[in-house]
Amino acid sequence: MKVLVIGGGAREHALCRSLSQDPVVTELHCAPGNAGIAQVATVHPVDQLDGAAVTALARELGAELVVVGPEAPLVAGVSDAVRAAGIPVFGPSGEAALLEGSKAFAKDVMAGANVPTARSYVCRTPEEAAEALDAFGAPYVVKDDGLAAGKGVVVTSDLAEALAHAASCEQVVIEEYLDGPEVSLFAITDGTTVLPLVPAQDFKRALDGDQGPNTGGMGAYSPLPWAPEGLVDEVLETVLQPTVDELRRRGTPFSGLLYAGLALTSRGTRVIEFNARFGDPETQVVLARLRTPLAGVLLASANGTLGELEPLRWDEGAAVTVVVASEGYPAAPRTGDPIEGLAEAEAEGAFVLHAGTEEGPGGSVLSAGGRVLSVTATGADLAAARELAYRGVARIALKGGQHRTDIALKAAGQ
């Protein structure tokens, strides 16, 4: 099978790494890719938001499966263009991707599907926002209705900060605060069958102890030893399957990756948000544990044959990923700095997935984004995986680079 992956971050590097290890994949391409992806796939320049350009590239390459990684191309309808050309594509239609592209749309779908979530108001004016914030009280949860690369949510006890964020957005969803630990659960679906993956947890705040600004994610781990027994079955029954059924009922069937961000509250499991694609950095640890070859699973989603697959096989051990970010991330990331120690990190037993990198002169690798690398490792348990991941991080040299030191620390019992 010839596969084309769209995107250029660590999520796409994780997808490409898994696909490159699948014996049925004879050719692997990625557009636009990055310096790390170029080691496992042939990279091509493309405007990933241009459905016609992506379709033309897929045709030129003879791609038999296109995998759309990021949310922006999905919301822009890139999957629709590829699908219209008769090429199997993993990723929802632009209309179905509004589940991530609009928080208000997602709330409406959840209401129709009777999915448990936070009470909320959709606000379009500062007056409406002030009224909603007053109704819920602190801590305040203010979400930009549209796409914001994982950084459109403000959770704060500072009313002025909450009002300022609301004022900076065209439309916001203001919610009640959900207590309890958070869980990320991915599911692959063909619009009817829903196949949940293993749960993971990510770390959104920039600094240790969940301090500092919100980011796109500074690390993740799987499994979750503290998660209640039967959580995946419960979420499949009360969240994932009802959502997929509701979207199909509305005439906007969802096929691809449905990501449920969950809070395990004192009043039960609640949905914080939906995403319409693999999450970053959770994908790095989930795919590190997947033993079933990936290409056939993604193709079954694209072709509507997911129900015919055998159950997925998983590594019983653990995986941990630690994000190395550039100086100034998330506010003003510094770029263009050389990255050294990549081979040494892998020699320690980790593998390095590139997020924001580009090739420099003489085969060097330069930083090209806020989140630069995801250093990932597997082990018999979280403590072992964590030790290998941090050994790898210690080998990497990036001027002003930053990372959290407490990824999976509590879960590993350390």
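View 1. Val142 stands opposite Ile174 in β9, where strands are DSSP runs of E with at least two residues, numbered from the N terminus. Strand β7 (residues 140-144) runs antiparallel to β9, and four bridges join them; two strands pair if DSSP finds at least two bridges between them. This is a predicted model, in which local features need pLDDT of at least 70 and side-chain atom pairs count only at pLDDT 80 or more, while totals for chains, interfaces and linings use all residues. Residues are numbered from 1 along each chain as its sequence is written, and side-chain values use heavy atoms, with hydrogens and water left out.

**View 2. Strand β6 beside β9.** Strand β6 (residues 120-123) is joined to β9 by four bridges, and the two run antiparallel. The bridge partner of Tyr121 in β9 is Ile174, the residue that Val142 also stands opposite.

**View 3. The two faces of β9.** In a regular strand the side chains alternate between the two faces of the sheet. In strand β9 (residues 172-175), Val172 and Ile174 lie on one side and Val173 and Glu175 on the other, and all of them are buried, that is, under 20% relative accessible area with a 1.4 Å probe and protein chains only.

**View 4. Cys16 and Cys30.** The structure holds zero disulfides, a disulfide being a pair of cysteine sulfur atoms within 2.5 Å. For Cys16, which is in no disulfide, the nearest cysteine sulfur is that of Cys30, 4.1 Å away. Cys16 is buried, with a relative accessible area of 0%, and Cys30 likewise counts as buried at 0% relative accessibility.

Methods: Buried means under 20% relative accessible area, exposed over 50%, partly exposed in between (1.4 Å probe, protein chains only).
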